Structure formats: structure tokens, C-alpha cells
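Please look over the sequence and the fold before reading the notes below. They are meant for someone meeting this structure for the first time.

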Amino acid sequence: MGLRDDLDRFREVGEERREDLSEFIQYGDLSGGNRNDIQIPIKIVSLPGFEYDQRDQGGVGQGDGDTPDVGQPVGQPQPQPGDGDDDEEGEPGEEGGEHEYYEMDPEEFAQELDEELGLDLEPKGKRVIEEKEGPYTDLTRSGPDSTLDFERMFKEGLKRKLTMDFDEEFVREVCKVEGITPREVFEWARGENLPVSMAWIEDAHAEAADDRGTWTSIEDVEENVERETIHEQIRRDGIKHVPFRREDERYRYPEIIEEKEKNVVVVNIRDVSGSMREKKRELVERTFTPLDWYLTGKYDNAEFVYIAHDADAWKVEREEFFGIRSGGGTRISSAYELARELLEEYPWSDWNRYVFAAGDSENSSNDTEEGVIPLMESIPANLHAYVETQPSGNAINATHAEELERHFGDGDDVAVAYVNSEEDVTDAIYRILSTEAGDSDE
């Protein structure tokens, strides 16, 4: 029962871990993590340990002095005065410990998030870093004898035998029909789809000269002589000869496999105008940070570009991306203009690209239709995403997200998500990543 209980506990902890991951994304402190070392406050399973059998009250192995107490785990020293005695002040378990936190690398975070959200994103490799020989699956007409595909050659010869062989004895009987000429035998054979040459018939006709008149007609032969198919002949006599030809020869050579590095550049765009107050900024960070972690774990090489904008746009470092705020107006297209310029360093032929933007959907008049949408369409990317953060509900002039949805519809490379509170974060992440997961082809 002990091992079964431990296995059940492992399963429970795995479920709790995924629940804690989702809760952490929604409510936890994301500022302490970086893309290479993610600390998540989740429970750690206690591994089972050996203990002395409590029924054993003595015997071999019971020494003096350092004799363990009954039931004490192996390797654990006996309690000493002052080590947790009743006269110690404080309640047990009041202080937290490092065991309450679990350090994930990005690959594990991505795997856990896939399981939590039911995702199956397969990153694309674009840049070829190595070419190597794979299995011998390709064929050529020449090569060393050791690579000759004999099985294929045998099958080709066997197919030829089945196609070209015929019941020679039956044709020889037809040559014994009274008054029949070689031409008449040949015409009959062609009508029967027999692959026989005129030269062969002339020889068979000459050999049957002494027996000519055995049959009165071909119909007489067909009524009295049983014709045997090539399959029946093979079953009876086996295969004595397979007619191989030079064109049947094929030589195996290895398939050349391109090893591709999975590179990704992620452009994070954030509205920092005066309307983006603290709660909106927090929701942007709560959505973008797990996305950064996830893509770092999925790709071999991940690079990140951060763009802040009000009416103008400028490149910033991650440390200031989520906290910066200005008092200016809003022109979202300025950020996409800068993104298009910066992405020139990351050619679409070599890099996977994600362009994530977030704000409260407020934008200057006509900028979404006339500026942002044409720019999004001009920037090749695996996925464009816009995250609207409106904690108090939609403002009257917050129409950017809706305009994007109307224009792009259910496209497989554009996602729009709405985050009004922490509870919406995991749904938004799923909306974004599942849109990309559904488009696995180049």
C-alpha cells in the first residue's frame, strides 16, 4: 500500500502543480522571474524514505550509543536537546522555506503550460545549421554493389514474369489445329492478350507439323485442353527464373537531412500613453511575461524587442517596458512602423516572428484602419496578437481591438484577446497561443 499511496500522491502533486501554475500566472509576483530561471511557489512532493520497522524491538544491528529510535528514518540523527523540544518558542511550520518554491527552466515551464492549457505548439526551424546523412531511403540508378536494393529489383523482375509469361503448352496445342497458319495463331494470341512473339509462334508451328490435324478448331482445343495461368504454374513448379533487367537496378543512398535551428524574435509593443494607468499596465505584464517565458522554452534561440509608444514609438529595455508611462496621446501605428524597421535585422526566411501589442484599445482617429492594419499585413509573422486591457470595461473610444477583429476575422495568424481582470489572463494566453498552434505549416 505504501508505494501505491506514493504514486497517488505524485499524481495529486502533478495536478496541484498545474493548478498552482495557473494561479501564479493570474495572481503571483511575476517580477522576480527571468527567462532562464523561473521561480514558482508550488508544492514539492516528499520522496519516500526507508524507516526502521516499528515491530522490530532489537536484534542484529542494534548497537549502543548511537542506536536509532524505532521508526526513525535511516541516516537521520536522533533529536538532541534544543532541537525542536517543547520548550522551544514559536509554533511549528510558521516559517516558510525554499521548498515552497519550484525553480523551472523555460522548457519545463512551456511543457507545464502546454499541459495546463491543452496546447500543442510545434516550433518551426528556419535557419539551416547542419546537413547530415539520414536513413538510406532515397534511390539512384548507380552506386556501389553493397547498396543495391535487391528486394526492389526482385519485385520488378517478378512483376515482369507475371506479366510476360503464358501457358506455352496451350499455345503449342493451338498450333496443332488442322490447316491453321502461324499468322492465325498470332492473331488469336493477340486477342487473348498473350505476350508472345511471331518468331516464337513460327518455331512452335514448325515443331507441330507432324501433329497438325489433332484438333479441328481452336474451340476444340479450348474445350479439351485446360489452360493454366502463370500463378498456377508458379504454385506448382515454383520460380526457376526471374527475368532481371538493367533498368530494374536501384541503389540506396542516404537522405540528406537539414538540421534547422529554431530561432524566434518576439516584438512586445505597449501603449504607455496617459490613459494606461497602473492596473492596465499590470495586466499587460501579467499576460506578456508568461508568453515570453513560454516562447523561450519552445525555441532554441529567442530574442526579444520591446517597444513603447504614445503618439510616437521608441525602443526600450525590458526593465522599463512595464513601468514606463507618459502623458502623451496615442498613435499605435507608430509602434508598428518601428517594429517593421527593427525586424529587418531578423529576416523572415531565417527567423520565426511574433508581434505582440497591448493597450486599452484607445487610438487616434482612423489610425487603426489606415495605419495599423496595413502595417500588420505588411509584416510577415507567425502570429500578430493584440491584448486589450480595460479593467473598468470598454471606454467609448476604445475600438482598436474590435476593428482588428472585424478586419481579420478568424485568421490563423492574428489573435485578439481581452483582459479585464486577472481571471482573464490564462484565457488570453490560450487564445493567443492556440491561434499559432493551429498553423503549423510554413
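The model is predicted, and every value given here is computed from it. A search of the whole structure finds 9 aromatic pairs, and two of these pairs are described first.

**Aromatic rings**

- Phe 288 and Phe 321 form a stacked aromatic pair, with the ring centres 6.4 Å apart and 15 degrees between the planes.
- This pair links distant parts of the chain, since Phe 288 belongs to helix 9 (residues 278-298) and Phe 321 to helix 10 (residues 318-321), and the two are 33 residues apart.
- Phe 288 counts as buried because its relative accessibility is 1%, and Phe 321 counts as buried because its relative accessibility is 0%.
- In another pair, the rings of Tyr 354 and Phe 356 have their centres 5.8 Å apart and their planes at 55 degrees, so this pair is tilted.
- Tyr 354 and Phe 356 are both buried.
- Arg 270 lies over the face of Phe 321, at 6.0 Å from the ring centre.

**Packing of helix 11 and helix 12**

- Helix 11 (residues 333-342) packs with helix 12 (residues 367-378) at an angle of about 20 degrees, and their axes are 9 Å apart.
- Because angles under 35 degrees count as roughly parallel, helix 11 is roughly parallel to helix 12.
- The crossing of helix 11 and helix 12 is left-handed.
- On the side of helix 11 the contact is made by Ser 333, Tyr 336, Glu 337 and Arg 340, while helix 12 contributes Asp 367, Gly 371, Val 372, Leu 375, Met 376 and Ser 378.

**Packing of helix 2 and helix 9**

- Helix 2 (residues 106-117) packs with helix 9 at an angle of about 110 degrees, and their axes are 7 Å apart.
- Because angles of 65 to 115 degrees count as roughly perpendicular, helix 2 is roughly perpendicular to helix 9.
- The crossing of helix 2 and helix 9 is left-handed.
- The residues of helix 2 that make the contact are Pro 106, Glu 107, Phe 109, Ala 110, Leu 113 and Asp 114, and those of helix 9 are Pro 290, Trp 293, Tyr 294, Thr 296, Gly 297 and Lys 298.

**Val 272**

- Val 272 is placed in the loop between strand 7 (263-271) and helix 9, and it counts as buried because its relative accessibility is 0%.
- From C-alpha to C-alpha, Val 272 and Ala 313 are 9.6 Å apart in space, although 41 residues apart in sequence.
- Apart from its neighbours within four places in sequence, Val 272 is in contact with Ala 308, His 309, Asp 310, Trp 314, Ile 324, Arg 325 and Ser 326.

**Val 305**

- Val 305 is placed in strand 8 (residues 301-309), and it counts as buried because its relative accessibility is 4%.
- The C-alpha atoms of Val 305 and Glu 317 are separated by 8.0 Å, and the two residues are 12 residues apart along the chain.
- Apart from its neighbours within four places in sequence, Val 305 is in contact with Val 265, Val 266, Val 267, Asn 268, Lys 315, Leu 342 and Tyr 346.

Technical notes: Residues are numbered from 1 along each chain as its sequence is written. This is a predicted model: local features need pLDDT of at least 70, side-chain atom pairs count only at pLDDT 80 or more; totals for chains, interfaces and linings use all residues. Side-chain values use heavy atoms; hydrogens and water are left out. Rings of Phe, Tyr and Trp (its six-membered ring) pair if their centres lie within 6.5 Å; planes under 30 degrees apart count as stacked, over 60 as edge-to-face and the rest as tilted. Helices (H or I, at least four residues) and strands (E, at least two) are DSSP runs, numbered from the N terminus. Buried means under 20% relative accessible area, exposed over 50%, partly exposed in between (1.4 Å probe, protein chains only). A charge sits over a ring if NZ of Lys or CZ of Arg is within 6 Å of the ring centre and within 35 degrees of the ring normal. Axes are lines fitted to C-alpha atoms, for helices over the stretch in contact, and angles run from 0 to 180 degrees between N-to-C directions. Angles under 35 degrees count as roughly parallel, over 145 as roughly antiparallel, 65 to 115 as roughly perpendicular and the rest as oblique. A crossing is left-handed if the near helix is turned anticlockwise from the far one by less than a right angle, and right-handed if clockwise. Contact means heavy atoms within 4.5 Å.
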